[in-house]
Every structure is written in C-alpha cells, then in structure tokens.
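Trainee: I would like to go through some loop residues and ask what the labels rest on.

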Amino acid sequence: MKSNIIKNRYIELFLILIFILTLSSCATAHKYDSNKPFVKITQATSTDLRQFGSNPSANPYIEPKSLFRGKIDEFFILKISLNLPKKSKISIVPRAIRPDGKDSGRFYTRDSFIEYWKFKDVYDEDANPYGNTKMVAIQRSCLPSFEYMQKAGNFEYYLPLVSPNPIARPTNVSIDVFIDDVASFSYIYLIE
Amino acid sequence: MKKLIVLLLTIAMVGAVSAQVTTSVKLSGGVTLVDQAGNAIFARDGSGTETLTFKAAEKDGKYGFSITYPDVLALDATAVSGWNVYYVGDYVKYTLGYKLSNSTFRASLDQYSKTSFGRLSGISDANGIFLQSTTLGDLIVGAFFPVTTAGGPTLDLLKGADAGVKYTIKDIGFAQAYLNLATGANKVGAGFTYNAIKGLTVAAISEIGIDAKKYSFGVSANYGGIDKLTIHLQACDVYATTNSFEVYGQADYALLDNVSATGWGKFVSTGNVMKVGAFVDYSFANGLTLEGNGSYDFSTSKLGADLTIYYGVSF
C-alpha cells in the first residue's frame, strides 16, 4: 500500500519534470540574431533591475543598507548582452581603476555574488523569507564566470562591481570580452 | 556571554576600520505592538526572537568565521545556534563548526516557510567538518563528516558522512541532491529549480526519510513578469502514517518603492484548514519594516490581526 503511494508520488514528480523540460524547450529559443552585435555592454538601467523586484530583501542588485551606516556598499551594475552564432568560449576581463592606479572595487560572478550576499544579508539565511528569491535571481542573471562556454543564441547577464560606499570618483571601468580567444570587444566607462 | 559579545563587537569594530578584514554584526527580530487581543509580544523572525550574528572574513573571502545567537535579548539566552570557521583553498572550501548548515545543496520552494514541506533538509545541521569543491565550474560537490564532543573512532566519521551535489545548467536552472546520514535522520532528497523564462521560477523538490518512512514532495511557481505584481503558488504533499496535502497562494503588489500589499490563502487537508489573509509592509529607515496583518481562519471562524515592527540592522 505504502510503496504504491510512493510510486504514485514519483509518477507525479516525473510528470512535473516533463512539464519543466517542456518549458525549457520554449525558453531555449534565444535565437541568434544576425542584425545584432556579438557583444553589447551597457550600464544596467533601473528598468533592467526592476525585473528583480523593488524589495531590497529579494533584489540582489539593490545595495545592502544599515540603519546606522546607510548604504554599506555601492554597486555599479553592467549588463552584458551576448549574441552568438555557435557555442563559444567566453573570456571576460573587467577592471575598475582609480586615478592612483588602485582597484576601485571587486567584480562578482555568480557563485561569488551568492557568497557575498550570504555574508552581507542582514537576515540569517533561515530568517529572510525572500532569501531564496534573491539566490535564484543571482543564479539566473549573474555572469556565470569570467571564463566559460556559452551556447549559441541571445543571452543577457549582469556583472556587479562592488565597492565600500562610495565608489571612488573618478573610476575608469574597462571590460575586454574575448570570444574563442580570438574576437575581442572593449567597453570603457567613467564613473564620476 | 556578555563578555563574549563585547569581545566580538570589539573585533567587529577593529575590522570595520581595517582594509584587510570585512566584518558584519547583524541583529534582526520583531516586536508585535498590538494583536487582536490587545497584546504586545516579541515576534519570531524565522530563526528565533532577536537573532544576533557576527561575521568576519579576510577581504577576498579566503577565510573567516561566523557565530549566531538566537533569542539574544531574552534574559536567559545562553546558547549559540551555530558557529563556523572556514578557509577557501585552491580546490576545496574547508569549514569546521558547530551545527553547520549549508544551503548549497538544499533546494527550496519559492515561499519555503509557508507550507510544512518548503525545502529540503540539506546536508548536515550537525557538528563536524564540511568540504566543498571550488573549481568544478557549474558542478559543486560536498561532503560532511560529523565529529561528536563525546569522541569516537575516526573511521566512524565516514559512517555518518553526508554528501551533496549541485549542478547548474546555464540559462535553464539548477539541480540539487543530497544524502543526509550525519544527524541520524537518514534522508535522501533532490530538487530542480527552473528559471529560464524571464520572471518565472518553478521549483520541484522531493525528500524521503528512510528510517521514518516519510515521503515529501513539493512544487512552487513564482511569476514576477507583470510590472509591480508578483504571484506565488505552492503545493506540497507529505506522506508518513497518513497523507497531508497543502496548497498556498500569494500575490504581492508594490504600491510604492517602500510600500507593498500582499494577499494570501492557504488550504491544509489535515483538519480541512482554510485560511486567508492580507498584510501591508512599510519599509523605512534602512532596516525597519512596519507590517499590518489581518487574517481569517474558516475552520475556527477566528479573525486575526496584528501590527508588528520588524527590524534587521547591521553595523
């Protein structure tokens, strides 16, 4: 009796996995667009980041704030749009340099940004009802790594530069993107 | 305990002015100012009433420690709810601690605290040594080896070891699975979170308690693609000696950047419990949230209401 019930539950689980895989086939239609550039890097707008919600407990791209110290860190968020005709190796080299030559902050990719929030979030992991939402948002949207294989198609990622508040002004931000170690694209921005 | 807290605060303050160390002191909790009976009481925020956490890490996060006290403002608070020290090596992150909890392999439903099975038990929640890979890209593997204060043969560490795995499929989602033997609960679980469609997250999780012959399964969906509206749906089924089924739904609407309104409803098959409710949150002063709650329980025909202030402050 009991084993039958468990078997039935696993049939339910199997059906849900089929449903998820069906959704996946819809979502993987990020088709390569020959009218768009291979790489486009811009500063993320407030509209871009609003998709993660206006609740600071849920949106990983809203800076941590303290009752006493105000904004603890300052973020500068880059949006990286990739449009690739074939699966390619992506290498990204970001720099944020002050006029004296020192680093202005640290760029975080997916796993390191998750660790950042585990450290900075004012709530214990078990106490923030939106903690899971925040971590899933990072998993989905943050640049996977500075070097990784990207499948063909059109994809968007976010790359946060994080510095103790405020980010030193002026700061020169430069990003070099290499596709299959050959093609390269450069982006320069001045934070002032 | 007071001396220890003063010591940790001092370390935190020293860390705050040091470029080589990052520190964090956090206090979170809540106070119900008034409820439907006209009472005031400290409110739980999930981990307890008034949770105090100290964390410190080397500036690049290579090593650090964390210690958490629950119920810290209660006069009889003496217990630590957990502590750990860690070092991130070239290939492995090593963590040693008391009541180690690691969320890497613990899949969760969207609103995990809203139904009785909202997330997997995960790996450990015991005392010991935890190892986690750092260089396998989208794959993370981990193992936990329990060490007791009573002591015992070193080889026994292997008997109660936990194991976990997480694999991210870029632009699709991620899967987590684990085997938990260390706490004696003997559980195995797995979950998949799908997030390929902008604004939509779907999660399915399942866990079997081998000794308890308990089976749990849950699924959730979260959709935030409609301007200021976010919709959450969640259901779970827990089978032990009897079967219990729960369904939960919630809609959040952002009225302003710091004001949101939420409506929710819940059904639990055991006892045919049906509840509905609504609350409004007002966030202010970088860490304070004033929440007004109202609810109605159809099974007991009882109205509930409270006005609670939650705080999460850090230094």
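Trainee: Where is B:Asn272 found in chain B?

Mentor: This is a predicted model, in which local features need pLDDT of at least 70, side-chain atom pairs count only at pLDDT 80 or more, and totals for chains, interfaces and linings use all residues. Residues are numbered from 1 along each chain as its sequence is written, while chains are lettered from A and ligands numbered from 1 in the order in which they are written. B:Asn272 is in the loop between strand 16 (259–268) and strand 17 (273–284) of chain B. Strands here are DSSP runs of E, at least two residues, numbered from the N terminus.

Trainee: What makes B:Ser301 count as exposed?

Mentor: B:Ser301 has 7 C-beta neighbours inside 10 Å, and therefore counts as exposed. The residue lies in the loop between strand 18 (288–297) and strand 19 (302–314) of chain B, and its phi is near 55°, positive in a residue other than glycine.

Trainee: Which residues does the cis peptide bond with omega of about -5° join?

Mentor: That bond joins A:Asn165 and A:Pro166. A:Pro166 sits in the loop between strand 8 (153–164) and strand 9 (171–179) of chain A. A:Pro170 is also placed in the loop between strand 8 and strand 9, and the peptide bond from A:Arg169 to A:Pro170 is cis, with omega near -5°.

Terms used
Helix = DSSP H or I, 4+ residues; strand = E, 2+ residues; numbered from the N terminus. Buried ≥ 20, exposed ≤ 12 C-beta atoms within 10 Å, placed from the backbone.
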